[in-house]
Amino acid sequence: MEVNNVGEINWNYLERMDADSFRHLMELYGQDVWNLAFTITKKHDLADDVSQDVFLKVYHSIHTFRGKSSIKTWLLSITRNMSINHLRSAFLRRVTLMDRVTVEGDTSSAEKEAMENQFTHEIWTVVLKLPLKLREVLILHAKFDLNTKEIADVLQLPEGTVKSRLSRARQKMNTYWKGSAQYD
């Protein structure tokens, strides 16, 4: 593992993954990997499975990372591909166990927190209703703060296509909010 003078791992030349660098990689990007997997699959348990599979693949194939993109872009690309593969699997097409199970506690919350939670829930409900190709560019841009070139690398698409999809995703979100009471 090559480390620079500020303690950062130089991922470009990592030929094998040791325990420290693997732990560091998971700490840095684990939540991003899970979030993208959930955004694509819309299922908590499936996002858990995808995340685990992504990091297992990275552990065994770190030598294939050549540094042409950032490690984050490489991880998100693997995550996207594995998420789509999980959705295409025969098991998931035949069996749907349960969508979301929520457990509500007896604790009361402040009105403001409840309103913010409701607003956030409404936003995510709309985002998750977008078609996958629009949803993924919007999430990669807004949540993961990737630019259009990085999104194009992750999705293996031309930058123009990414810009077009991002614009259409924003238009669909605006259309929803203009038609809702919250917009006023």
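1. Asp-153 is partly exposed, with a relative accessible area of 33%; in this note, buried means under 20% relative accessible area, exposed over 50%, and partly exposed in between, with a 1.4 Å probe and protein chains only. The structure is a predicted model, in which local features need pLDDT of at least 70, side-chain atom pairs count only at pLDDT 80 or more, and totals for chains, interfaces and linings use all residues. Residues are numbered from 1 along each chain as its sequence is written, and side-chain values use heavy atoms, with hydrogens and water left out.

2. Asp-153 and Lys-149 are joined by a salt bridge at 3.5 Å, N to O. A salt bridge here is a side-chain nitrogen of Lys or Arg within 4 Å of a carboxyl oxygen of Asp or Glu. Both residues belong to helix 7 (residues 148-155), where they are 4 residues apart, about one turn of the helix. Helices (H or I, at least four residues) and strands (E, at least two) are DSSP runs, numbered from the N terminus. Lys-149 is likewise partly exposed, with a relative accessible area of 45%.

3. The count of salt bridges under this rule is 4. Another of them pairs Asp-20 with Arg-23, whose closest N and O atoms are 3.2 Å apart. These two residues lie in helix 1 (residues 19-41), 3 residues apart, about one turn of the helix. Asp-20 is partly exposed at 48% relative accessible area, and Arg-23 is partly exposed at 46%.

4. A further salt bridge connects Arg-80 and Glu-136, with the closest N and O atoms 2.9 Å apart. This pair links distant parts of the chain: Arg-80 is in helix 3 (residues 71-88) and Glu-136 in helix 6 (residues 132-142), 56 residues apart. Arg-80 counts as buried, at 16% relative accessibility. Glu-136 is also buried, with a relative accessible area of 2%.

5. The largest nonpolar core contains 23 residues, and among those with the most contacts inside it are Leu-76, Leu-138, Phe-144, Leu-146 and Met-173. Such a core is a set of buried Ala, Val, Leu, Ile, Met, Phe, Trp, Tyr and Cys residues joined through side-chain atoms within 4.5 Å. Two or more residues of this core come from each of helix 1, helix 3, helix 5 (111-129), helix 6, helix 7 and helix 8 (159-178). A second, separate core has 20 residues, including Tyr-29, Ala-37, Val-50 and Leu-128. In soluble globular proteins, nonpolar side chains tend to be buried together.

6. Leu-146 touches Lys-72, Leu-76, Leu-140, His-141, Ile-151 and Val-154, when residues up to four places away in sequence are not counted. Contact means heavy atoms within 4.5 Å.

7. Tyr-29, named above as part of the second core, is located in helix 1. Tyr-29 is buried, with a relative accessible area of 16%. Apart from neighbours within four places in sequence, Tyr-29 is in contact with Phe-55, Ile-71, Lys-72 and Leu-75. The C-alpha atoms of Tyr-29 and Lys-72 are separated by 7.0 Å, although the residues are 43 residues apart along the chain.

8. Thr-79 is a residue of helix 3 and is buried, with a relative accessible area of 0%. Leaving aside neighbours within four places in sequence, the contacts of Thr-79 are Val-33, Leu-36, Ala-37, Val-50 and Val-54. Ala-37 and Val-50 are also included in the second core.
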